[in-house]
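Subject: Structure handover

Hi,

Here is the structure I promised to pass on. My notes follow below it.

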Amino acid sequence: MLPRSPAFPHKHGQTRPDTLFTQRLLPHAFSQQQRIESHLNLTNTNPTGSRNRKRKNDGNSQDDLKRQRCSPHPYKQMGKTFRFSPVRRVEQGSTRVSVGEGCSPVRSPLHSPGTSNSVGCVPSLREDSCHNANSSLPPSLIKDKLSQQILELFLACEQQSEDLERKESCRAQLQRDIQRLFPCARVFLAGSSLNGFGSRSSDADLCLVVQDGPVNQRTDAVCILSLVQKLLYKLSYIERPQLIRAKVPILKFRDRISGVEFDLNVNNIVGIRNTFLLRTYAYIEKRVRPIILVIKKWASYHRINDASRGTLSSYTLVLMVLHYLQTLPEPVIPCLQKDYPECFSPVMDIHLVPDGPKNIPSFVSKNQSSLGDLLLGFLKYFATVFRWDKCVISVREAKALPKPNCREWKDKFICVEEPFDGSNTARAVHEKMKFDDIKAQFTESWQVLQVRKDLNYILPIREARPKR
């Protein structure tokens, strides 16, 4: 049994985190009665019953649970959903929720009914991602050895439909369990699991939405996650819940059943918006997914793809590749936020975000560079062309912007604009030594690859393939 350490270390006389929640958490959104009931929901959770069940919730029969776990489309197994606001009362010992005045039925992005996507390039969330694999590239785009290596590695590593189903199964059960604390809360899959750039070994990002408005990430989000952490210690299918206090705090944990690692944040709504922006870029042109997945593998192999260690996050890497593909003399991809502003509005209701780009057609580029040429061009661009000290990478504008003379940007080694909230996604690179190492990897890999024209010289393919 995992140790049940408190979410916050506290000394004698200090306020406990669970009582802290009842005193001050989200004062602008929760009444005193609601705060008390959220605390009672946690303390009244039956620890023994939770530990002895495998993703079984009150009111779910074993047959129902089996159908949810084994269905080829687990997102169709949808129960009641509610708007993101706290509720007045939960009837203990029953699955029935007494909903407050503000709660009304809505659909989650993963469970939106949707219609067959006959016009748009982006596959429906219900469709098998394997059917949209970039295996149908024209021969002219994979004519050389390097391009063939990139495509073969992509096909070996891309996330499969069963990988997504395992993540969705855990998300659905976790949502049911978290709704014991916050009965109107919703849990959304985000990040590489849905944006088209995930691999078989990708972790899963989750966003816990507890209300419509923003949540103070320094205080309220930490308090919410500490309560969820205490709940996770009681669940038999979750192990190693760990609270990470960052600018956007997360709760890391592992699903015992699937082995998938999860990162859970609170109300980081921009992560849901950029998931579907990136998903559109992923499918708008057939070369985008293979080139990005291989670049992520390359960066990971050279240890420059870990924001927690002061290098580039996967999200930042994806934005860097998209920027390069947008800014070629003949662009490989368009600027979606300029061409389709109504589909990616930063104020669009979160429930409408998944359907926003459903009718956007594929982009027909005049640029017919092969996968190998694009990989070489990407490495050369950031090794010799891009001005790190002068420019900000902007996918929103499809160009390099001049670096602003303000605190958030002027002293940063790498500046990459988040397409919706305008923050710097590369702020983790704050040491010159790490920055120099990143630049050196771009330069060295470009110099080697332009001579050898063999992916193995910068990324051993056998090591990059998923382990059997």
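A disulfide here is a pair of cysteine sulfur atoms within 2.5 Å. With that cut-off, a search of the whole structure finds 0 disulfides. Please keep in mind that this is a predicted model.

**Overall**

The chain has 468 residues, and 55% of them count as buried. It holds 16 helices and 9 strands. Take the contacts in the chain with a separation of 6 or more: residues 24 or more positions apart account for 68% of them.

**The largest core**

The largest nonpolar core has 72 residues. Which members touch the most others? Phe382 and Leu455 do.

What does leucine 455 touch, leaving aside its neighbours within four places in sequence? Its contacts are Leu146, Gln149, Ile150, Leu153, Val294, Leu375, Leu449 and Ile461.

Another core lies apart from the largest one. It has 43 residues, including Phe182, Leu206, Cys207 and Tyr237. Cysteine 207 is buried, because its relative accessibility is 1% and the cut-off is under 20%.

**Helix H5**

H5 has 13 residues. From first C-alpha to last it reaches 18 Å, close to the 18 Å expected at 1.5 Å a residue. Its buried residues are Leu146, Ser147, Gln149, Ile150, Leu151, Leu153, Phe154 and Cys157. An α-helix has 3.6 residues a turn, so residues three or four places apart point the same way. What covers the buried residues of H5 includes H10, H13, H15 and H16.

The N-terminal end of H5 is capped by aspartate 144. One of its side-chain oxygens lies 3.3 Å from the backbone nitrogen of leucine 146.

**Helix H8**

Buried or exposed: how does H8 sit? Of its 13 residues, 12 are buried, so the helix is largely enclosed by the rest of the structure. The buried residues are Asp220, Ala221, Val222, Cys223, Ile224, Leu225, Ser226, Leu227, Val228, Gln229, Leu231 and Leu232. The span agrees with expectation: the end C-alpha atoms of H8 are 18 Å apart, and 13 residues at 1.5 Å a residue should span 18 Å.

Serine 226 lies in H8 (residues 220-232), and its relative accessible area is 2%, so serine 226 counts as buried. Its side chain reaches the backbone oxygen of cysteine 223 at 2.7 Å. Cysteine 223 is buried too, at 3% relative accessibility.

**Hairpin E5–E6**

Strand E5 (residues 238-244) and strand E6 (residues 250-255) run antiparallel, joined by 5 bridges. They form a hairpin with 5 residues between them. Isoleucine 238 stands opposite aspartate 255 in E6.

**Arginine 176**

Arginine 176 is found in helix H6 (residues 161-178). Why does arginine 176 count as buried? Its relative accessibility is 19%, and buried means under 20%. Arginine 176 and valine 187 are 11 residues apart in sequence. In space, their C-alpha atoms are 9.1 Å apart.

Best wishes

Methods. Residues numbered from 1 in each chain as written. Predicted model: local features only at pLDDT ≥ 70, side-chain atom pairs only at ≥ 80, totals over all residues. Heavy atoms only, no water. Pairing = 2+ DSSP bridges. Helix = DSSP H or I, 4+ residues; strand = E, 2+ residues; numbered from the N terminus. Core = buried A, V, L, I, M, F, W, Y, C linked by side-chain atoms within 4.5 Å. Buried < 20%, exposed > 50% of the residue type's maximum accessible area, 1.4 Å probe, protein only. Contact = heavy atoms within 4.5 Å. Expected span 1.5 Å × (residues − 1). Polar contact = N/O pair within 3.5 Å; in protein donor to acceptor, adjacent residues only side chain to side chain.
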